[in-house]
Amino acid sequence: MSTSPSTPNTGPESVKTVHVAVAAVSRHEGGREQVLVAQRHAHQHQGGLLEFPGGKVEPGESAEAALVRELDEEVGLRVPESGLGFELSLTHDYGDRRVQLDLYRATGFSGEPQGREDQPLMWLDVATLDPGDFPAANRRMIQVLALPARTLVTGAGVTADELADRLRGWAGSQCLLRCPELDDAAYQGLASACVPVARNAGCALVLHGAPERLAAVPDANGLHLPWREARALMERPISSAYRLGVSCHDRASLEHAQRLGADYAFLSPVRPTASHPERSPLGWDGFEALVAELDLPVYALGGVGGDDVVESRRHGGCGVAGIGFWWH
Ligand SMILES: Nc1nc2c([nH]c(=O)n2[C@H]2C[C@H](O)[C@@H](COP(=O)(O)OP(=O)(O)OP(=O)(O)O)O2)c(=O)[nH]1
């Protein structure tokens, strides 16, 4: 699942790798993020399916320049390169064609979208995109778009006021309120105070612990199960209207999280950490080996930095989680 340059396959059944740049052209409607989606013509490769606008990168052209050109040619939008944020690069083998897809999020654009190649266009909510409507390579792209790149785990002794201070500058992230020192009553009081704080900061607030904690503070955005809670469950304990995460350390726990219908998992430790010196780090290759083949977005946790998002995604992850990179 790692990225690879668009070099030709030299194997016996040589299939050329086509380098394609695509954009999730993004807008906000009623507080929800929507992206522009087109339907591929029936005669095209992966015809009839939905796609993100974009196209092949010409020889000598950068992916960004290709996107600026394609978005104008295909959907009549003017997007400066500065309006493109890199999200993910992946390769996918369709058997008859191998594609390297570079996904960008386009936030700064002007013009009204129009299907210049007579392709139907629509704005769809990111949270409800159905990977089954898209080519297979888009599954991971959709998972990555639907989740924040960073999960900020709170440090010891957090208060609502301190959280308000610390969340400044982290809009768009997900905050995990982790307070192992608090009993349920104290946690409920703190969580209730933190819901508006996170909302004002533009962050999703995910509670940590047993499902009852979310039932007590239903305005939170989700629940993260420590492994000791997740292991005892046979099915998803909360509605799909909430985000569900699970802490995992090995393949068996990741597969269990996937069976539970989790929306994401943490996998740790990727690097050595002071908090768990007894656990041997997976390293990025170990991380990749565990998440490959899974159909579950996984955050890299343990000694990772806020800038390791691209590294995580290069190794099959959806982003990074941690305390150290934002709390200290
Ligand atoms: N534009 C776009 N292409 C995608 C997505 N997902 C995905 O697998 N692809 C694949 C389908 C195609 O094999 C390739 C894009 O090629 P293209 O649209 O420029 O060219 P094409 O195959 O339609 O036409 P041709 O020039 O090969 O005849 O990338 C996506 O979301 N958007």
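Modeller: The protein chain's secondary structure comes to 10 helices and 15 strands, where helices (H or I, at least four residues) and strands (E, at least two) are DSSP runs numbered from the N terminus. The chain has a radius of gyration of 21 Å, close to the 20 Å from the globule rule for 328 residues, so it is as compact as a globular protein of that length. That radius is taken over C-alpha atoms, and the rule is 2.2 Å times the number of residues to the power 0.38. Along its principal axes, the C-alpha trace spans about 60 × 45 × 35 Å.

Please keep in mind that this is a predicted model: local features need pLDDT of at least 70, side-chain atom pairs count only at pLDDT 80 or more, and totals for chains, interfaces and linings use all residues. Residues are numbered from 1 along each chain as its sequence is written.

To find your way, start with the domains, whose bounds come from an automatic or database domain assignment. Domain 1 covers 17-130 and domain 2 covers 150-327, and their C-alpha centres lie 30 Å apart.

Now to the barrel itself. It is closed and has 8 strands, running S8-S9-S10-S11-S12-S13-S14-S15 with parallel pairing; two strands pair if DSSP finds at least two bridges between them. Neighbouring strands of this sheet are turned by 25 degrees against each other on average, direction ignored. The angles are between axes, which are lines fitted to C-alpha atoms, for helices over the stretch in contact, and they run from 0 to 180 degrees between N-to-C directions.

Where do strand S8 and strand S15 come in? Strand S8 (residues 150-153) pairs in the parallel sense with strand S15 (residues 319-322), over 3 bridges. Here Thr151 stands opposite Ala321 of S15. Helix H4 (residues 184-200) packs on the sheet and touches strand S9 (174-177) and strand S10 (204-208); contact means C-beta atoms, placed from the backbone, within 7 Å. The direction of H4 makes about 160 degrees with that of S10.

The peptide bond from Ser268 to Pro269 is cis, with omega near -10 degrees. For comparison, most peptide bonds are trans.

Note on methods: Contact = placed C-beta atoms within 7 Å.
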